[in-house]
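Here is a quick tour of a protein model for someone just starting out. Take a look at the sequence and the 3D view, then read on.

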Amino acid sequence: MTIMTESKVDERMAVAARYAEDFVLMVKSTPAYIPPQGLIAGCEHINRKSPVGHQTEWLNAGNDNLHFPMNVGTLMRLGFAGIEAEALASAGRQQGEESAFLRAIARCHRAAGEYSLVHAAEADRLAAIVAPEDVPRLHRIRTCCMTIGRRAPGTLHDAVQLFWFAWTIRGHGTIGRLDQHLWPFYRDDLAAGRVSRREALDLLCELWRCFNRPGRGDTLRNLMLGGVDADGNDATNEMSHLMLEAALVVGDTEPHLNVRLHKNTRVAFVNKVVEVQLLGHGQGTVYNDELVIPSLVAVGVPLDKARN
């Protein structure tokens, strides 16, 4: 049994603050990248080299192994700024190590928001010097990065950009059920006339090409489509179909597409999955909800969690 002394707690609090500041340095030392074409800003690799003269170990605490997805639901609901605000509010209700840890979380998300704003400024700078026909594209990037630097995403473009920033800052890894997280933004944009199906597909194709920029292979870039929701209803949606189409259009090996099928999966979705399998990339891997979910429940996983 380990006895946590007051000095040990103080040391852990200092470590949390120190690594938060290391994270800030890492993000600030990564230059803004605005693509020569397309709408998704940000380089594929965050600078992870320790600055010259930096005396502490460099971000070796708290790193995850990238085998599980980020909490994309919370990210999309709150954005960087909202997570920072919630962490600070929670820190004010805690004491000691818990408060220090929450303040470190807030500091990291503030830095991520600032990273978005740096890209907005760079897009604005470029808009002043490029050919006139490219100015509207750069203004769209500026507006998007400004939005997600300050608040939660409001459009599909915002949501895709926010995911890309968060995923690259994390250092890549598993993607998860991205169709579920992007679907509400696409649905609302489509209803409001802000985006067409073709424009949404083009944006996803750009994201797919971005996923391939860091390299290919055993990358853990697993993306799951379809399946059921927490209530057992079919969760396959138009975004699920669009992502399969993006895989077919781009024709590259990332991300690793997986699909969940069940008795209520529509035939059109299954047929599109077969098309992707015929590309010969070893995708999409099929998981049977009718077998997997009961197996998870049998070992103690709550039904809603097993479904979702």
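By class, the largest cavity is lined by 3 nonpolar, 2 polar and 1 charged residues. Here Ala, Val, Leu, Ile, Met, Phe, Trp, Tyr, Cys and Pro count as nonpolar, Asp, Glu, Lys and Arg as charged, and the others, Gly among them, as polar. Keep in mind that this is a predicted model, where local features need pLDDT of at least 70, side-chain atom pairs count only at pLDDT 80 or more, and totals for chains, interfaces and linings use all residues. Residues are numbered from 1 along each chain as its sequence is written, and side-chain values use heavy atoms, with hydrogens and water left out.

**The cavity**
- The lining residues are Ala247, Asp252, Val276, Leu279, His281 and Gln283.
- The volume of this largest cavity is about 30 Å³, counting the space filled by probe spheres set on grid points that are joined across faces, edges and corners.
- On a 1 Å grid over the protein atoms alone, a cavity is a set of points where a 1.4 Å probe fits but cannot get out, while a pocket is an open set with protein on both sides within 12 Å along at least five of seven lines; lining residues have an atom within 4 Å of a point.

**The second largest pocket**
- This pocket has a volume of about 600 Å³.
- Its lining has 24 residues, and Pro69, Arg177, Met224, Arg260 and Asn308 lie nearest its centre.
- Split by class, that lining has 11 nonpolar, 8 polar and 5 charged residues.
- Helix H10 (289–298) is among the elements that each supply at least two lining residues, and H10 gives the most, with 4 residues.
- Helices (H or I, at least four residues) and strands (E, at least two) are DSSP runs, numbered from the N terminus.

**The nonpolar core**
- The largest nonpolar core has 73 residues, and Leu156, Phe163, Leu182, Trp208 and Met243 touch the most other members.
- Helix H5 (residues 156–170) gives the most to this core, with 10 residues.
- Such a core is a set of buried Ala, Val, Leu, Ile, Met, Phe, Trp, Tyr and Cys residues joined through side-chain atoms within 4.5 Å.
- Buried means under 20% relative accessible area, exposed over 50%, and partly exposed in between (1.4 Å probe, protein chains only).
- Leaving out residues up to four places away in sequence, Phe163 touches Met70, Val72, Met76, Ile175, Leu178 and Phe211, where contact means heavy atoms within 4.5 Å.

**Helix H4**
- Val135, Leu138, Ile141 and Cys145 are among the buried residues of H4.
- The buried residues of H4 pack against helix H2 (72–93), helix H3 (96–127) and H5.

**Loop residues worth a look**
- Most residues other than glycine have a negative phi, and most peptide bonds are trans.
- His172, in the loop between H5 and H6, has a positive phi near 85°.
- Thr174 lies in the loop between H5 and H6 and counts as buried because its relative accessibility is 10%.
- Leu220 lies in the loop between helix H7 (197–212) and S1, with a positive phi of about 70°.
- The peptide bond from Glu254 to Pro255 is cis, with omega near -10°.
- The bond from Gln283 to Gly284 is cis as well, with omega near -15°.
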